[in-house]
Amino acid sequence: MSEADGTWGPPGVHAADLEGLRGAAHDRAVMAEARVVLARRLGVPPGEALQHLIWLARDLEMELPEAAAMVVQGGGAGTEGAVVAGRRAPRAEGTAQRGVVSEAEDLLHRLAAEDTGGDDGLIADLPADPVARGLLDGTLDSAAHLVPVRGPDGEVQDFLYAELNGAARDLFGRGPEELTGLRLLRTDPGAALSGLFEEYVAVLEGGTTLDRDSIMYSTVQGGLSRSSRMSVRCVQVPTGVCVTWRYHSGEDRSARRLERVERLALIGFGEWDLVTGQADWTPQMLANYGLGPDEVPPAPHDLPKVVAEDDLPLVEEAVQTMFSRREPVEAEHRVIGKDGARRNLWLFAEPVLDAAGLPVSINIVSQDITRRRGVERALAETRRQMLKQQARTAQERKVAVTLRRAILPDEEEVGQLPGLRVAIRALAAESTARIGGDWFATRAMPDGRALFAIGDAAGHGLPAAASMARSRNGLLGLSCTGEPAGRLVGWLNELVGSMDPPATGTAIVGHYRPEQRVMEWTCAGHLPPILVRDGHAEPLEVYRDPLLGALPDWEYKTISTELRPGDLIFLYTDGLVERRDADLDERIARLTGILRDSSAGPELALDEVLARMEHDRAADDTTMFALHVE
């Protein structure tokens, strides 16, 4: 309970604040549930489902929470047609790389024990080798002149970099300045791990030529590994061997990028050679048509054989157009996999013409758009359901408006009460989606007292209107007992709490005794009334009683307030003071200031409040009730 403002709830929090917090929490919960429902229905991640929900709301010109509520109401319907992407994240090759690093580090540890003290002398005593010099100068690739380092037994233990050409770079980017004079295996242990070192020795001793067109090569330095495809050539020269090499890392990166693009976008490329009859299809192209890596792609005229029967005329027409008019074509068609599943493919094909204008080959690109079409079908079904729900909701709102008009009397039809001059302004929300449960009631009692009440059933739309009607009519029926306001509100609390579906709301119910000029009233979670007296205005102290329907069997207290001639009691609902961009206490203080400066008379006071409060007519109902003591 709040000690500061006399409302039911945490300290410093009004009942209207609690209602706003509950509303915001409800909206967030509905949004979260809608994301899950739509993600399941479309077969997409929740983040993508949220984007589709936003687009649906914009398309149907609805507020996002309202669209989310409609999706949730639709439940699990419409899941047919949703297709989950059949892609898996690639696995890194970290295990193999770690194995290379470990093996290379063991080798480097053994090589570190070898004596390299005589290496400088070996390089210094090396005679001129014009053959090696010519090879280094004559190649555009990386090249190195290697001289053998022999052990006591005459066996080749390693090679020294005697000289490198200007283009030479190893996998770590080191060139002649860093490598000249160093040992091969210490700088590039991959030569031993790959077997190249043994082959270099064989070239040195046997005079053969080593020519490896493309090998996968890995090496290690400083605990870091590098890998690339490599082409390498080694020949014997008088003082050792010359090695030339080229890394294909750039080509590999391009190939990997292309493969990733194909895999992520499910795009495949194929080429038909019409002269030789051969076809070259990428793995993704084969996968799009349900073919295995070793299967032979169909020829252009056989393509319709793998197409779904319903789409055969379309594909045959596209193939015929491509050959007869010799121009690119595109078409969407379906294929049926070996598992019976259908895939939607978007096909682009173009003929390649020779100098005579005759087709010699055909380039073809296909994209698997099965997931996209599945999402589109599921979205179309969801949109159709939302339109039906929107129509039902519009009808409910129409009923709510009609019910509100039928239950609440017009302002000019409100009868005067004993000892009071009454003025009322009851404004329905401009947006029919936000029509709420504001209500008021007046009655002249047989014992001379005047009954007045104002309330707000929680929620919007038809449920709020129905709750409003039951609350108002129930109170008027209970008032015939003549019981005090606290007892009436206690009974009303039981009535609201037993509604189906359960409901809550706020209310102020009071009796005015004109002989004593005493107002006996009870506040059930409603905003405090404002007393205007002799140029002063101040909210009345409110006893802390809970919302209607919140706690059963609650005993509500009746408050007595003595009034004077000329006093004005101002009652209102939260639509007048609540705004998302303003503090509620500040808005009530603003309202109090306006009433303090307003003209005498309840009608003029209401008009000035409406003119100066700048309340949001579209967001909620607004009801104001002014009682002027005569």
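I started with Arg-513, which forms a salt bridge with Glu-520, the closest N and O atoms being 3.2 Å apart. I counted a salt bridge where a side-chain nitrogen of Lys or Arg lies within 4 Å of a carboxyl oxygen of Asp or Glu. Arg-513 is partly exposed at 29% relative accessible area, and Glu-520 is buried at 18%. For these classes I took buried as under 20%, exposed as over 50% and partly exposed as in between, with a 1.4 Å probe and protein chains only.

The model is predicted: local features need pLDDT of at least 70, side-chain atom pairs count only at pLDDT 80 or more, and totals for chains, interfaces and linings use all residues. Residues are numbered from 1 along each chain as its sequence is written, and side-chain values use heavy atoms, without hydrogens and water.

I searched the whole structure and found 22 salt bridges.

Next I looked up Asp-137, which pairs with Arg-133 at 2.7 Å between the closest N and O atoms. The two are 4 residues apart in helix 6 (residues 130–138), so about one helical turn separates them. I numbered helices from the N terminus as DSSP runs (H or I, at least four residues). Asp-137 is exposed at 55% relative accessibility, whereas Arg-133 is partly exposed at 31%.

I then checked Arg-373 and Glu-376, whose side chains meet in a salt bridge at 2.9 Å, N to O. They sit 3 residues apart in helix 14 (residues 370–407), again about one helical turn. Arg-373 is buried at 18%, and Glu-376 is partly exposed at 38%.
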